[in-house]
Structure formats: C-alpha cells, structure tokens
Amino acid sequence: MRREWLSLPAGTVDRARLAAAGIGGLAMIMQLGQVGNAMRSVAFGRLAAAALITLVALVVLIHRRGRTSWWSVPVIPVLVTVAAAGLKDPLAGTALAVTSLIVCSLYDTNRRWLARLPGAVAAMPAAVAISPDVVSQATSWHSPSVLGLIPQIILMGVLTRAFYVGLRRQERTAVRDATLARAGRELLAVTDDAQIREIGERTAGELVRMHPGVALLIAYRDADGLTVSFAPGAPAELTGWRPAGPAPTPEELSALVAGFRDWHVDGLGGEPETTPVLMVVGGRRPVPIEVVDAFRSLSYQVMLAGEAVQARVELDYRAHHDHLTGLPTRAKFLRAAGAAVAGGGPVALLNIDLDGFKRVNDEHGHAAGDELLVAIAGRIAAAAGRQGVAARFGGDEFALLLTGFDDVDAVLRQARELCADLGVPVGLAAGTVRVGASVGVALAEPGVSVTDLLRHADLAMYAAKAGGKNRVVRYGVTETIAV
C-alpha cells in the first residue's frame, strides 16, 4: 500500500506548489557548492551558507503551512542578499532571488506579493554592493549587468503570479462546478421540502467558504414582508432580519453590514420586489459575476427541486384520488384496508351504492349528476371522521372503512345514520333532488383477506338492493336494517 507521504496532492494548485517548492529548494541547496568567495573571510562564508540553508528551511516551512507570513517579506530579501554576497560570483545569486520569488508567489496574497516584489528586485544590487571584486573585475551594483537582472526578476515574478492566479481560478471554478453538480444530483433524489432546504443551505455554505469575503442572504416573503432566514458569511444577527421595504437596497445593506460594499439583489423568477424568494450576494470587494451566477444557479436548482416535489405530490394525489370528488380511489382504499386488517384491530367495510342516481342524470343532466356526487362524497367523508377512510369506486358506488369502534352495534348504528343522511334532499343548481343508498356491511374476521372483505360487503350491498333499497344489510346476517 502506498504511504500517505508519497502520494501527490489532489489539486492542481497544490501540485504546482509542491513542484515549485521541491525544485526551488533543490536549486538553493545546489548553490551551497558556490559558497566561498576567496576575497571574503571564512566567517562570512559560513554566514552565507547559514543564510542559504535558512532560505531552504523557509521554503519547506511555507509549503508545509500552505501560506506565507508578513515577516517573510523583509526576511527573505535579506537572506538572499547575504547568501548571494557569499557566493564565488554574487551574480549567481540571481537564481536565489528568482527561485524565492517564484515559490512565494504561489503562496502569497495579492498584497503580500506586491510588497515582496521590490525586495526581490533590490536583493541582487544589494548583494553586489556589499561584495568584493568579482573574479578579476570590479562590478558595481548599478552596472548594466546587474541592473539588467531587474526586469528579468520582475518578469518571472509577474508571470508566476499570473500563472498561479489563473490556475487558482480554474481550480476554484472546477470545484465550484463539481459542488453544484453534486447538489443537483442530491436534489433529484429527494422528495421532501425539508431535505431540499438542508441540501441548499449546506451547498450555499460550501460556496461561501470557497470564496472568502463573500456573503449570501436568502429571504422568504410572506404576508408580513421579507425575512432573512439564512445568511452564511454575514453577521449572525442578520438571520431573522426584516427589510423595511419590499426589497433591500445595496445602500441599505452596505450600511447594515460593515465592510461589504458590493451587493447583488436578485429575485428568483421575477422582480426582487415581488418574488417569494430573494437572493442577495455581497462582497468586501467586487464579487465576480461567475460567483454570483453560481449562487443563482444553486438557488434555481433548489427552486426547481421544490417545484418537482410539488409536481410529484400532485401527480400522486391525482393517481390515487378521484378527480371529481377528491376521495381516494379503489387502489388507495384497499391499501388502507389491508393495513387496517393487518393491524389486528376491529375493521368494518361499508359498500355504498346510490339508489335513484340514474333518474337524476336522466332528468337534470350529467352536470347535475356530478354536482350530486360531490355532495354525497362530502357526507360520506364526514361520516368517516378522522379514523375512517372514504372512497369512490366509480359511478355512484362509494366505500367507507371504519376502525377503532367498540362493538358491532356501533358500526351498524353509524351505517344506519349514514344511510339516512344520504337520503336527505340535496339542493343543486338544477333543483332539489333526493336519492337513497343501499349499504352493505362486512366485518373483518380471522382468516378473511381484504379481497374477501370487499366481496362480502358487495354481497351485502346487493342484498340491500334486493330487499327494497335504501337500507343496510350486514353480511352473514339475514336481518335487514331498514332506514
């Protein structure tokens, strides 16, 4: 198994840093063989060697820490100057100046890099100025051979920094895109609004941490106005903040959040003043448009995932509920009945078929028939209460599942009351009509499946019709309960 210390870093920037630190440190170590100017004392040679070794140690330290410090800005040029002055040819110290600048350019902040550049430029003239004569000719710090090194050092520093900034931006973009892609995959799999919000807030927090100096505010609009519910990167007291107007202005936000001057207010799907969800991105410095677009993309992913969940809920509802009455369909009703029977408690199934419904359709039309079905469905649903389940099987056939009752008499009493209630006249747009209901009652017994229970209720309902309609019949009992 490969050891951890032998493995390469995962990121492109970290690999470039490792290569620069390794090659740069090796180049500095190789300069140890050049220490020992014949016109210098042995003590100075030792000092130069110590400065060179310290430079190598600093390169290792900077790489291990992953960043530079402000104290390194003046210290490294001094070490380069001392080490170069102790070489057999001080001009060979150009490699030290360039190497240290290249390595530090991959770890510096922008301000630190700008502060470091003059020191790297001044190190070589300073080294020559304090050196004795080189070889057989005297070289001054302002000679063309020395001053000609300055543009080369600046060029190497600028190119290295530009390479680092571009590489860093490319890597950050790749990580940002991967983060958004992962959030998109996760959002596709969820079916709950709370999970969608959790994924969105977690991903937004990752994006904020990826871009220091950037803050995100998410506000939801209700009847009382906007409320900020999530604010990563911003002061904690902003969570729960309610803007005074329909949408916060950049000026209002800048006054509220010290140090943040660049604000982008975006209403998802419309104008900021009217949309239900508001996204605000702020920065201590101008926020790159690609960063704003990343937050906008995440917000739209969350919004679309919420709409998809609502669509799935609606489709599921339509698939399992009657489009006219809104009652559960046969399939949903039978699943509920199966669960009730499996639970082992008392279960009763009522099959309800209207008497005289065809006459209403014939005399008043199908629109009146539909209106009547909706009214009847409401009465059956009211009889179901919280513990029962009402359903429409189709046409004028309904069913009612009852559980948790005390005894059979309670079920029969409720069936009789429902049968009487369904016989009460119904006022329709076309006039007042009246229908009856034949109700078959079947009780769950050991060894009786849901299919058997439904068949028993069917047989009891047909017995009620055969017995004169508008009455209740319990399966297995010859006695008819007339209403």
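Mentor: R182, E186, E198, R202 and E206 are linked in a network of salt bridges. A salt bridge here is a side-chain nitrogen of Lys or Arg within 4 Å of a carboxyl oxygen of Asp or Glu. This is a predicted model, where local features need pLDDT of at least 70, side-chain atom pairs count only at pLDDT 80 or more, and totals for chains, interfaces and linings use all residues. Residues are numbered from 1 along each chain as its sequence is written, and side-chain values use heavy atoms, with hydrogens and water left out.

R202 bridges to E186, with the closest N and O atoms 2.8 Å apart. R202 sits in helix α8 (residues 193-210) and E186 in helix α7 (residues 149-189), so the contact ties together parts 16 residues apart in sequence. Helices (H or I, at least four residues) and strands (E, at least two) are DSSP runs, numbered from the N terminus.

Now accessibility. R202 has a relative accessible area of 29%, so R202 is partly exposed. E186, at 26%, also counts as partly exposed. The cut-offs: buried is under 20% relative accessible area, exposed is over 50%, and partly exposed lies in between (1.4 Å probe, protein chains only).

For context, the whole structure holds 17 salt bridges. One of them joins K465 to D353, closest N and O atoms 2.9 Å apart. That pair links distant parts of the chain: K465 in helix α15 (residues 450-466) and D353 in strand β5 (residues 347-355), 112 residues apart. K465 is partly exposed at 22%, whereas D353 is buried at 11%.
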